[in-house]
Amino acid sequence: MEGVTLEVIGRDVGKALLRAGWRLSTAESCTGGWIAQTITAIPGSSDWFEYGFVTYSNLAKQRVLAVPSECFEGTDAPGAVSEQTVLAMARGALKISGADVAVSCSGIAGPDGGSAEKPVGTVWLGWAVRDVQSPAINAFARCFRFSGDRTAVREQSVREALAGLLDIINNHHGSG
């Protein structure tokens, strides 16, 4: 997907969602709604886009998406930029919206806020998909270390979030 514009990837996601008969919701932190904006810039996106949540603060993540407080409280808490948090964000977005698939994002876009353990450019992405055979939600996450300035980190996050969605949809419904 390197070199392909976000508009093209967004259009491909939309086509794949239509083929699958799925609706999408997003739960974003460091991207500030950029994933949802990319999707909704595509004409006809109302046919496949359900909700876009921007939960920038930890409190918003808890109140809106039901991310457990244990993700943020205590010295052993994984924090906002973690697998546990983005998985909870993606699951929460699915539960609230009734969509079929969700993507979530939380990271450190910079220029400040990084640490030795989580340097600037650390971004966790999560995806959740409803199981068509049961009420279960399948969710998984992946950590990325992006380079560049704040805008570059955020753009790479959007790109990988959308690429991950394409993989999920195509793996469930074929690329036909």
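Trainee: How many aromatic pairs does the count come to by this rule?

Mentor: A pair of aromatic rings is described by the distance of the centres and the angle of the planes. The rule takes rings of Phe, Tyr and Trp (its six-membered ring) with centres within 6.5 Å; planes under 30 degrees apart are stacked, over 60 edge-to-face, the rest tilted. Here the count comes to 3 aromatic pairs. One of them is Phe144 with Phe146, stacked, at 5.2 Å centre to centre and 10° between the planes.

Trainee: Are Phe144 and Phe146 buried or exposed?

Mentor: Both are buried. Buried means under 20% relative accessible area, exposed over 50%, partly exposed in between (1.4 Å probe, protein chains only).

Trainee: What should I know about the model and its numbering?

Mentor: This is a predicted model: local features need pLDDT of at least 70, side-chain atom pairs need pLDDT 80 or more, and totals for chains, interfaces and linings use all residues. Residues are numbered from 1 along each chain as its sequence is written, and side-chain values use heavy atoms, without hydrogens and water.

Trainee: How many disulfides does the structure hold?

Mentor: A disulfide is a covalent bond between the sulfur atoms of two cysteines. The cut-off is a pair of cysteine sulfur atoms within 2.5 Å. This structure holds 0 disulfides.
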